[in-house]
Every structure is written in C-alpha cells, then in structure tokens.
Amino acid sequence: MALPAATLRTGAQMPLLGLGTGPGSVGTWQTSTEPIYEAVKVAIDTGYRHIDNAESYAEEQAVGRALREKVGSVVERKDIFITSKLWNTRHHPDDVLPACQRSLTDLGLDYLDLYLMHFPVAWTRGDVYYPKDENGRAVLATPDVPFMDTWKAMEKLVDAGLVKAIGVSNFNISQMEEVLSNGRIKPAVNQVESHPYLVCSKLLKCAADNNVVITAFSPLGRPGEESLHGVSPLKDPKVISIAEKHKKTPAQVCLRWQVQRGVVVVPKSATPARILENSQIFDFELSTEDMETISGLNKDARIVKFGMCDDHPQWPFNGEF
C-alpha cells in the first residue's frame, strides 16, 4: 500500500517518509558503503518509496547498486522517488550539468525526481568536498557565485528532462523568497534541519503560503549524542509521555508530529529494525494537544551549521527559519 505523500507544485507525489542516506551521527558510514547498500534494500522491501541522497554523502554508487537490484523486481522506477543534491563546490553554472550527470550515472538512473541545491554558499570549484585553508575555514568560490546563477543552471536540467523538479536545502526564509521571486522555475522543496527542538514554524508557514514542501533532515535530532542542548528530543520527558500514551516509541512520535504538519521526513538508519520502526507512523494520530506540546519544545537548537563558512554574507543561519 502506498505511503501518504505530499503533492509538489509539479503535481508529483513525494512520499512523506523517505530513507536518509547522509552521514550518520559519527560522521560517515564508517569506512564502507556496504551498510547503506543494505539499508536501501531493506527500506525498499519494507515499503519505502523515497530515497534521499547527495553527491557529498559519497554513497550514491552504493545506493545505485541497491536500486539496480530492486527496481524492476520489487518496485517500478515510476513508483520510487529519488532525490539528490548539488554540492557547494559545484555552484559554478558550468559545473551543474556534469554534477547532475555524475549523480545519475552513480545511481544508475535516467532522471531524478528532485534535485536540490545543498547549501546557498559557493565553495571553490573542484573534487575536494570540504576545501579548507590553514585555519580550517572553507575556501570560498572566487569570484563568488550568487545562488541565483546556480539556480538558473539547475532550471536547464528540468528543461533537458534530467530532473523532474528542483529545490533548495538549508535556505532561510529570505533566501527561499529570493528564488521564488526571481526563478523562472519555482522551488518545489526546501530541505532543512527540523526536529522538536528546531520547529521552523515561520519557514513552514512561508513555504505553505508559496506551495513549497518542507523536508526535515535530522528529524530525530542526533540520537545517541548529548550535544543538542544537553539532551536528545527522543529523551525529552514530554515526548516520552506522549509516546507511552500512544504505545509508540519517542522516535515514532517525533516523525508523526512532522508528517502531521505536512513535513516530509528522511530519517537515517542502517538498522533493519529501526528502518521498520520509522515506517510505522501512519497508524496513529496525535491530538491537537500533543502537537502543541511537541511544538512548544522548540529551543532553536541547530546541529548542522556549516560553521566553516559562517562569515559569508549568504550563510543562511543568521536569517529566519
């Protein structure tokens, strides 16, 4: 049975639940991409029909292996939603098409359902994903590449049929509005960090008013880490109480809260039992009181900050979310 979906401005259906494939809470998928290869296969067998990728995760070849095994046997290509992202070192307009083609080749696909600009700040061109100077700061593009120049190159990917929809990631409200105002093709999605300690209510309202779907990465915070204001949202007593009431886990409650707000979630896991658990969020409903209680936990506690370029004028986290 198809999982509930958000409708993009293109008319496409984007499943509200996807498998995130980005770096885990300790940085990456260790030294092997085998766990993500297995995770994608398990997710598809479990019923997931949405896989979230990015070139910078360095796992698209592994995802592609899994897709080749499952597409055509377990699921048809038209019934699975695949996202990738354009990395910060690929913002120069001449680099956009080759970057997209590389992702398509690695994933073994003819088209992407969604292609996102991963971050609004351009770093220096090249194949080093995190170029740093002697002080550990990001080496920025020189001259700078305004994100609207990159966006115009992404629009051509839609024209060429390589991607069905385009969007942004980590863009604040004013940056998203700039693309909405000046883009020939409007962004379909803005993927941002969001969880009960980072509610992003203003961004969510702005997105809804402009027919932009919000996707939440790190929708559970970073389980196992104590860096998020001293405690994970999964350990919050109010979340635990709501979970006990519904006979669900705290993770399921946090994910349910998001999808009930119309937010797409892409939780990451390489554990089959957790992948299954994260999918079991459509058989219960949170009350209005539950929703308000969880939203009231907001601390504006952000985990992912791209701090190595926080002096750039387009660093997004000085603006409103």
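The sulfur of Cys309 lies 18 Å from the closest cysteine sulfur, that of Cys200, which is too far for a bond. Cys309 is also buried, with a relative accessible area of 0%. These values belong to a predicted model. Cys254 is buried, and its relative accessible area is 0%.

| Cysteine | Closest cysteine sulfur | Sulfur distance | Relative accessible area |
|---|---|---|---|
| Cys309 | Cys200 | 18 Å | 0% |

A disulfide is a covalent bond joining the sulfur atoms of two cysteines. The criterion applied here requires the two sulfur atoms to be within 2.5 Å. Across the whole structure, the search returns zero disulfides.

As to the overall fold, the protein chain comprises 10 helices and 10 strands. Its radius of gyration is 19 Å, close to the 20 Å given by the globule rule for 321 residues, so the chain is as compact as a globular protein of that length. The C-alpha trace spans about 55 × 45 × 40 Å along its principal axes.

Among contacts in the protein chain with a separation of 6 or more, 75% involve residues 24 or more positions apart. Of the 321 residues, 55% count as buried. The accessible surface of the chain comes to about 13,500 Å², and carbon and sulfur atoms contribute 50% of it. With regard to charge, there are 34 positive and 40 negative side chains, and the centres of the two sets lie 2 Å apart.

Notes. Residues numbered from 1 in each chain as written. Predicted model: local features only at pLDDT ≥ 70, side-chain atom pairs only at ≥ 80, totals over all residues. Heavy atoms only, no water. Helix = DSSP H or I, 4+ residues; strand = E, 2+ residues; numbered from the N terminus. Rg over C-alpha atoms; globule rule 2.2 N^0.38 Å. Buried < 20%, exposed > 50% of the residue type's maximum accessible area, 1.4 Å probe, protein only. Contact = heavy atoms within 4.5 Å. Areas by Shrake-Rupley, 256 points an atom, 1.4 Å probe, with all protein chains shown as cover. Lys, Arg positive; Asp, Glu negative; His and termini not counted. Charge placed at Lys NZ, Arg CZ, Asp CG, Glu CD.
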